[in-house]
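Here are some notes on the pockets of this structure. Keep the model open while you read them.

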Amino acid sequence: MTHEPMIGGIAQTPLDRSDPLLRPGNTNCGGCGMSIGLNMLSRAIGKRNVQIVIPACCGIVTAGPFPWSAYGAPVVASTFASAAAVATGLSRAANLQKRDTRVLCWAGDGGTYDIGMATLSAAAERNEDILYFCYDNEIYGNTGGQRSSATPVGARTTTTPKGKGRQKKDILAIMAAHRIPYAATVSLAHPEDCIQKMEKALDLRGFRFLHILAPCPTGWKSEPAEGVQLVRAAVRSGLFPVVEVEDGRKWKIDIQPDFSREELAFYFEHQGRFRKGFFDLDEIVREIQEHWEELEEKARRTESAY
Ligand SMILES: Cc1ncc(C[n+]2csc(CCOP(=O)(O)OP(=O)(O)O)c2C)c(N)n1
Ligand code: SF4
């Protein structure tokens, strides 16, 4: 393990790209979906130069204690609310200096859907040259699992002990509505599609947004070994649509679900946060159908228009 010393929060040594983005020896929980996402991102980055801004979240704890870092890339820790604003500064500096550096944000759902939304929306509206990742574990994981606006209906959290009563925000639609060049969801159970879309997003210019459903065994009360299976079940049942949107109007469905009710039941039954009696599977099936009717209509319109 070659953890590099850092000065002023930024690793000073040039990147050795044989070094993975997420080094061994980090303290993330076993089976953490965020770790799987970082490993996929590591493969997508390849030899590209990147700088990563990470706000308060599990992902910044991952770095470990100063002056060491468990990240094999320069990382700037930002306040919760400012990741996209800090990334704007880094990206503009890199562009002024004509450095071929891709500036990324790696943030949880709390830092994206809620606390960082103002700077995220502002940077997207200005079409800053940033690739923003939201790894969505559907809670404030790092502080013990409070509800966020990404928490799904029926999920018990420390602040919704009887199960959340509201649906999660549709973050992809919100980001697409900014008419940014690229917004997409990626599945950790479909590595080819995931890495190919990460590579595409890395090479595009302007504001890009990728949304990752990231199982959190600690908060979801699920088996660490079942995370990828849970994501596959979410994709196959249609609960987590894998789609991409270009320029806010060209919608494409990347993975067609089979709308399996068995997979949906597996998803809910294999997570302790969903207690029987606090969610209605029939209601969830209806919501999935409604959402997919909208998505298919958008994809049809795109096909006929472009
Ligand atoms: C303004 C502010 N409020 C609260 C905190 C405490 N805090 C640090 S991390 C965190 C949770 C982050 O949740 P999320 O963004 O979903 O990422 P996760 O921890 O799930 O990886 C909180 C509440 C903080 N650092 N700053
Ligand atoms: S609390 Fe959840 S997101 Fe955070 S490191 Fe553990 S498994 Fe990963």
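1. Start with the term. A pocket here is an open set of grid points where a 1.4 Å probe fits, with protein on both sides within 12 Å along at least five of seven lines. Its volume is the space filled by probe spheres set on the points. Remember that this is a predicted model.

2. Now apply the term. The second largest pocket has a volume of about 410 Å³. Its lining takes in 27 residues. Look for Ile139, Gly141, Cys216, Thr218 and Gly219, which lie nearest its centre.

3. Which elements give two or more residues to the lining of the second largest pocket? They are α1 (33–45), α2 (58–61) and α8 (217–220). The most comes from α8, with three residues.

4. Turn to the largest pocket. Its volume is about 720 Å³. The lining has 31 residues, and the closest to the centre are Gln167, Lys168, Leu239, Pro241 and His291.

5. Where does the lining of the largest pocket come from? At least two residues each are supplied by α6 (171–176), β8 (208–213), α10 (261–269) and α11 (281–305). The largest share belongs to α11, which contributes seven residues.

Definitions and conventions:
Residues are numbered from 1 along each chain as its sequence is written. Chains are lettered from A and ligands numbered from 1 in the order in which they are written. This is a predicted model: local features need pLDDT of at least 70, side-chain atom pairs count only at pLDDT 80 or more; totals for chains, interfaces and linings use all residues. Side-chain values use heavy atoms; hydrogens and water are left out. On a 1 Å grid over the protein atoms alone, a cavity is a set of points where a 1.4 Å probe fits but cannot get out, and a pocket is an open set with protein on both sides within 12 Å along at least five of seven lines; lining residues have an atom within 4 Å of a point. Helices (H or I, at least four residues) and strands (E, at least two) are DSSP runs, numbered from the N terminus.
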